[in-house]
Structure formats: structure tokens, C-alpha cells
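This briefing goes through one protein model by topic.

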Amino acid sequence: MKIIKLKDYEAVSQRASEFIIEQIKHKPNTTLGLATGSTPVRLYEKLIEAYEHKEISFKDVKSYNLDEYIGINRNHPQSYYQYMHKHLFSKIDMKDEHIYIPNNDIDQLEENAKKYNNALNKSFIDLQILGIGSNGHIGFNEPGTPFGKETFIVELDEQTRKDNMRFFNSLSEVPKYAITMGIKNIMRSKCIILMASGIEKADVIYEMIHGSVTEDLPASVLQLHPNVIVIVDEQAGSKL
Ligand code: PGA
């Protein structure tokens, strides 16, 4: 693991954007793995800026998102489908047919998980962006998830639902289930960039890097991947 500790969220976002911009310049038909949540918002703004300045184009880029809630439909403002369109896709030249987000259509969940997994396995993610949950989840692989899992339906951890309550009016509105790439899918990526910022991530970042590799802390599996870059700000990296 390569650890990069920078001053603040802005610097973390800047450095992560530089990796992605370089990757797209080097390989215009890059396949990206994309994350949602608060952490990558500024990164996406920087990618949009690079696109607007004609530094890069996304016309041949493909992307796979890590996860999607179940129980709210795609038009719900907190769906990850809406998130991605609002924060990135509506502002760049990605082609719709190059955008993969797990389909959370309630009638066909298992089938959708299978389809998503097949698409992932036919492709190769060049660069996967990750955040990390305060409980150590990556994607929605919650503590206790077997490392061998591929795309599946997950019941969200109580901690995850509490952490994500800030996006909803109340805890009862936070979805209880999601569809997520599994750890095995994530580990197939050629390169992984995990970003973290803020003091509330300090313990989990320390454990991920220095703790044992255990399914109780899903992100610890990244110790076994040959090409992981962890970019943290001073607060998230304060225990390192
Ligand atoms: P956050 O979420 O970026 O909103 O902190 C990270 C995650 O849950 O993976």
C-alpha cells in the first residue's frame, strides 16, 4: 500500500483527480470504478474542470459504480443513480451506454445482481475509487462479509444507516438494503485509490493499514492487493 498524507480534503481531492486525469490521458478508454458518498464530491468537481478545460475527454471512458440503495427508486434524490448524474455524468461527455450502476428494480434484484456481476467480469476496472465507512466497509461490504463475495444484495449495517442518515430526514427513511459489488469484484481492479478525510475516519484508517486482515474490517483486505494508493488528509491520517 502506498500511503499519501496531505493537508486537507481539498488536497486529497486534488491528488486523486491527478491520478485519474493521468490515467485517462494515458488510456482514453479507461474503465473506472466509481464511488458515492461525501468523499468523492470534490474529486468529481475537479474531473469536471479538467473536462471543461479540454484536458481530458470521457467519451471513451466506461464506469461501474460500487453500489446502489434498494427501496428507493432511481428518481429519488438520494439514489446513487441521481447522485452520479448530479455530481458527474450530467457535466461531462460520458456516453450513457458506458455508464453502469446497479439496477435496484425491486422485482428482479437477484437477476440484476447477476447481470451486473457478469458485466463486471467481462470487463476490467483499471482504476477503482473507494471511500471507507466508519465501520470499515468498502462499497457496501459490511463487517463480516466474506472476501470471496461477488455482487450481492446486502442488509445495511446499523452504523452505516446512522452514518448516512444525514442525507435523509430520519433514520427510518434510510434504506435497509443495497446492491453492491463484492470484495472479490473490487480486488480484481488493477489499481485502487482509497480516499478518506476527517477525524471520524482516523481509527478505521489506522486499523485498515496496521490491523490484521479480517472480514470484520472489510477494507483490511486491501493489504493483500498489489496496487493500492491510500490518500488521507491530516485528520484521517492522524493515527498513522
Ligand atoms: P462518505 O462515505 O464518503 O460519505 O464518508 C464513505 C463510505 O461509506 O464508503
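The side chains of Glu 18 and Gln 14 are joined by a polar contact of 2.9 Å. The model is predicted, and its secondary structure comes to seven helices and 10 strands.

- Glu 18 lies in helix H1, which runs over residues 9-26.
- The relative accessibility of Glu 18 is 37%, so this residue counts as partly exposed; the partly exposed class lies between the buried limit of under 20% and the exposed limit of over 50%.
- Lys 46 is 28 residues from Glu 18 along the chain, and the C-alpha atoms of the two are separated by 8.9 Å.

**Overall form**

- Of the 240 residues in the protein, 53% are buried.
- The accessible surface comes to about 10800 Å², and carbon and sulfur atoms account for 48% of this surface.
- Taking contacts between residues at least 6 apart in sequence, 79% join residues at least 24 apart.

**Nonpolar core**

- The largest nonpolar core contains 70 residues.
- Leu 88, Phe 89, Ile 138, Leu 194, Ile 205, Met 208 and Leu 222 have the most contacts inside this core.
- Strand E9 (residues 191-196) supplies the largest share of the core, with six residues.
- In soluble globular proteins, nonpolar side chains tend to be buried together.
- Leaving aside residues up to four places away in sequence, Ile 205 touches Ile 132, Leu 194, Ala 196, Val 232, Ala 236 and Leu 240.
- Leu 194, one of the residues that Ile 205 touches, is also among those with the most contacts inside the core.

- Arg 161 is placed in helix H5, which covers residues 158-163.
- With a relative accessible area of 6%, Arg 161 is buried, because the buried class takes in values under 20%.
- Residues up to four places away in sequence not being counted, Arg 161 touches Leu 156, Leu 171, Ser 172, Val 174, Pro 175 and Lys 176.

Definitions and conventions
Residues numbered from 1 in each chain as written. Predicted model: local features only at pLDDT ≥ 70, side-chain atom pairs only at ≥ 80, totals over all residues. Heavy atoms only, no water. Helix = DSSP H or I, 4+ residues; strand = E, 2+ residues; numbered from the N terminus. Buried < 20%, exposed > 50% of the residue type's maximum accessible area, 1.4 Å probe, protein only. Polar contact = N/O pair within 3.5 Å; in protein donor to acceptor, adjacent residues only side chain to side chain. Core = buried A, V, L, I, M, F, W, Y, C linked by side-chain atoms within 4.5 Å. Contact = heavy atoms within 4.5 Å. Areas by Shrake-Rupley, 256 points an atom, 1.4 Å probe, with all protein chains shown as cover.
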